[in-house]
Amino acid sequence: MSKQSNTLQLSAKNLETEFPRSPRETLGGFVVAARALDKCRAVLAGTNGEYHFNCPLDNTFFDFVGISGDTFKDFVATGADDEAVGKWIQENSQVKEKREIIAWNNKMRYMRPVDMPIELQEFLEGYIPEYLPSNKIVRVWFDVYDIEEGRI
């Protein structure tokens with residue numbers, strides 16, 4: 001096993017037994033990025049369980065920064081640690097203006113289901129009652145992940 005693949009194996013979470021980071025957590029200054037990284041590493045290590053990398057949530061981040069999921073995955077496969085991935089994101093992002101990043105982060109943090117495309121609203125309409133406790137209220141999109149994974 002190469003040093004890079006060994007590093008990747010050590011840094012990959014086993015998403016069959018633990019959760020990826022909250023989409024609210026930042027990496028390189030961007031929400032969603034840390035979660036996408038956790039899922040990417042797990043996919044590369046074969047420990048992703050039911051989690052999918054390059055999903056609609058991940059793609060909100062990739063579309064915003066102008067980096068493809070495949071390009072991100074290729075870099076992550078080098079075994080880069082969180083700090084190196086954060087720096088790589090900053091260097092490769094097409095978005096450099098701090099205010100634009102802050103505005104996008106806040107838009108994502110506070111996006112209500114009603115503000116989402118109808119296809120995602122339709123998906124959440126069935127998903128929320130099936131997978132979330134009925135006593136929990138989803139106020140924003142990220143609540144779905146944090147409720148389901150026990151953070152709130």
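I looked up Phe75 first: its relative accessibility is 21%, so it counts as partly exposed (buried is under 20% relative accessible area, exposed over 50%, partly exposed in between, with a 1.4 Å probe and protein chains only). Trp88, at 12%, counts as buried.

This is a predicted model, in which local features need pLDDT of at least 70 and side-chain atom pairs pLDDT 80 or more, while totals for chains, interfaces and linings use all residues. Residues are numbered from 1 along each chain as its sequence is written, and side-chain values use heavy atoms, without hydrogens or water.

I then listed the aromatic pairs and found 14 (ring centres within 6.5 Å, using the six-membered ring of Trp; planes under 30 degrees apart are stacked, over 60 edge-to-face, the rest tilted). Phe75 and Trp88 are stacked, because their ring centres lie 4.8 Å apart and their planes are at 10°. Phe75 is in helix α4 and Trp88 in helix α5, so the pair ties together parts 13 residues apart in sequence (helices are DSSP runs of H or I, at least four residues; strands are runs of E, at least two; both are numbered from the N terminus). Both residues belong to one aromatic cluster, which also includes Phe61 and Trp104.

Next I checked α3. Its buried residues are Leu57, Asp58, Phe61, Phe62, Phe64 and Val65. They cover an arc of only 165° around the axis, which puts them on the same side of α3 (the arc is that of the directions from the helix axis to the C-beta atoms). Pro56 and Asp63 are exposed on the other side. After α3 comes Gly66, with a positive phi near 75°.
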